[in-house]
Amino acid sequence: MKIDYINGYSKSNIAELSLFTFYRLIKMKKMKKLITLSFVFLCFFNLYGLEISLDTYAFKNENSHYIETYLRVLGNTIAYKDSPDGTISAKLEFTLIISQNEKIVAHQRFILNSPQLKKPGDFFDVKRFALPPGEYLIKVEVTDINKKGDNLQLEQFITIPTFAADIAIGSIQLLANVESTTKENTHGKNGLTLEPLAFGYATEDIKTLNIYTEVYQKTSDIHYVKYAIIEQNDINNQIITLKKYKKLEGKKSEPLLLQLPIDKLKSGNYTVVIEIIDRLKSVVGLRKVNFTRSNPNYDKYYWANYDKLDNNLFVSSLEKDQLNYDLKAISAILIGPKKNLLNYIIKEASINAKRKFLYDFWTEKAPHSPEKEYIQYMKVVGYADIQFNNNVGHGFETDRGYIFLKYGKPSNAISIDTEPDAPPYEIWQYSYIEETHQSNVRFIFYNPSLVHNDFQLLHSTCYRELQNPAWEVELYRDDPKSQIGATIDATQVTSGWNRKAKAHFNDF
């Protein structure tokens, strides 16, 4: 039976932050058939697949303009081979293509080997290309050689400026680590080895934010650098969390390694702003870059002590019960480290802290119309609460409600409750999901308990949601004879007139 849902809330395009951090928690009862895995050849298995952080920066030297492309491999997302000495290693194949107006201007294909490791760990590589000023598209295709079928495609646009002004700033690099070196190496320059901050995500162990850039100056005038961290939800750039100044030496090309302490920066999204200021205190150069801070221990201290009363916030009239409801409702669309903080805010924070947390979320998500966006979203929450209610919790907290709020209304949906070998199930199809840049994304929900509306997510093709290779076996578990292969490792069932879920799932 075909089913339809009213237009759902479509999340605006928020920059995805530290993808490996925000995977939804797997319900182990759904994945019990995946726990037993073979580690004969591969000593590490990642359920969600390959993750690469791609960062590209534009600079210049005396002879040319050029870009640097940093490729950081997340070590917990790849497959490894065992070595006789007890270490492990990984091998990936990269194809990097740079094009301008659909014309290829540079390309490189190479194999990247990890160091010999005792346990999974990140590693990175740097590629440099001399290119004239202009706009370029960078495409990267990656294959994990140790894991058949594990591929990844990335795209990124970059503009190489002319740096023609009397004073100009190169790209801003945020670094996870920086070390001085006297050796020439491909991972650094100007006497520094630079390790990129993956996905612009500063984890709790990073106490100081290292910032690298270059200033190009055609005059000998005295200039100063002002560098600061600003909260992203502050659209007028008035809330300067941290700032410092540095006098420039007046060189034609001056590398800058700047540092700002972030140990007392609460979790959230921030902007690094670098300004060049002349003697008259006028800003003659400006660059910005965004990053995300995760600082859970400091968060609890900050929110436990927050009790400021601000009657000017549009949420200032909301009382405890409504605030808790609204906070639970944003769980599906809350990304980043604040998602892990949400339960603490709901259960333990003061009423003013709850208001501030909710206000910050909407002003960060929709800085120009936070109240309007909030009202619109809560209307959809109300619909989801009724449509998916199962008498256990809020309807928007169910698996279907969660997906509905996170990705909006499915493009197509079917409901099946007539197969004797399976409990009722639904299949949702999305023509395109902006957050994951995927087409033809499918979800299957099933109701093994037969309780009203107790549908659970069984499997999806969505990059960051539950993917269960044995979903057919779980769906038809009341007919174990239909399984193909060994019982514990079975992932498929035989076809039959009363087992049509796979056909329905693949028909979209």
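Student: What should I know before we start?
Tutor: The model is predicted, so local features need pLDDT of at least 70 and side-chain atom pairs count only at pLDDT 80 or more, while totals for chains, interfaces and linings use all residues. Residues are numbered from 1 along each chain as its sequence is written, and side-chain values use heavy atoms, with hydrogens and water left out.

Student: How many helices and strands are in the protein?
Tutor: There are 8 helices and 26 strands. Both are DSSP runs, numbered from the N terminus: helices are H or I with at least four residues, strands are E with at least two.

Student: Why is Glu275 called buried?
Tutor: Buried means under 20% relative accessible area, exposed means over 50%, and partly exposed lies in between (1.4 Å probe, protein chains only). Glu275 has 17% relative accessibility, so Glu275 counts as buried. Across the 508 residues of the protein, 53% count as buried.

Student: Where is Glu275, and which residues is Glu275 in contact with?
Tutor: Glu275 is in strand β19. Contact means heavy atoms within 4.5 Å. Leaving aside neighbours within four places in sequence, Glu275 is in contact with Tyr224, Val225, Lys226, Val283, Gly285 and Leu286.

Student: How do you know that β16 and β19 pair?
Tutor: Two strands pair if DSSP finds at least two bridges between them. Strand β16 (residues 224-231) and strand β19 (residues 268-277) are joined by 8 bridges, so they pair. They run antiparallel. Tyr227 stands opposite Ile274 in β19.

Student: What is the order of the strands in the open sheet?
Tutor: The order is β14-β20-β19-β16-β17, 5 strands with mixed pairing.

Student: Why is one side of β14 and of β17 left without a neighbour in the sheet?
Tutor: β14 (201-202) and β17 (240-247) stand at the edges, and each has a single partner strand, so one side of each has no neighbour in the sheet.

Student: What makes Lys189 and Glu68 a salt bridge?
Tutor: The rule asks for a side-chain nitrogen of Lys or Arg within 4 Å of a carboxyl oxygen of Asp or Glu. For Lys189 and Glu68 the N to O value is 3.2 Å, so the pair meets the rule. Lys189 lies in strand β12 (residues 188-189) and Glu68 in strand β2 (residues 65-73), 121 residues apart. Both Lys189 and Glu68 are buried. A network of salt bridges links Glu68, Arg128, Lys189 and Glu214. By this rule the count is 21 salt bridges.

Student: Which residues of α2 and α4 meet?
Tutor: In α2, Lys320, Leu323, Asn324, Asp326 and Leu327 meet Ile351, Lys354, Arg355, Phe357 and Leu358 in α4.

Student: Why is the crossing of α2 and α4 called left-handed?
Tutor: A crossing is left-handed if the near helix is turned anticlockwise from the far one by less than a right angle, and right-handed if clockwise. The axes of α2 (residues 320-329) and α4 (residues 351-365) come within 10 Å and cross at roughly 35 degrees. Axes are lines fitted to C-alpha atoms, for helices over the stretch in contact, and angles run from 0 to 180 degrees between N-to-C directions. The crossing of α2 and α4 is left-handed.
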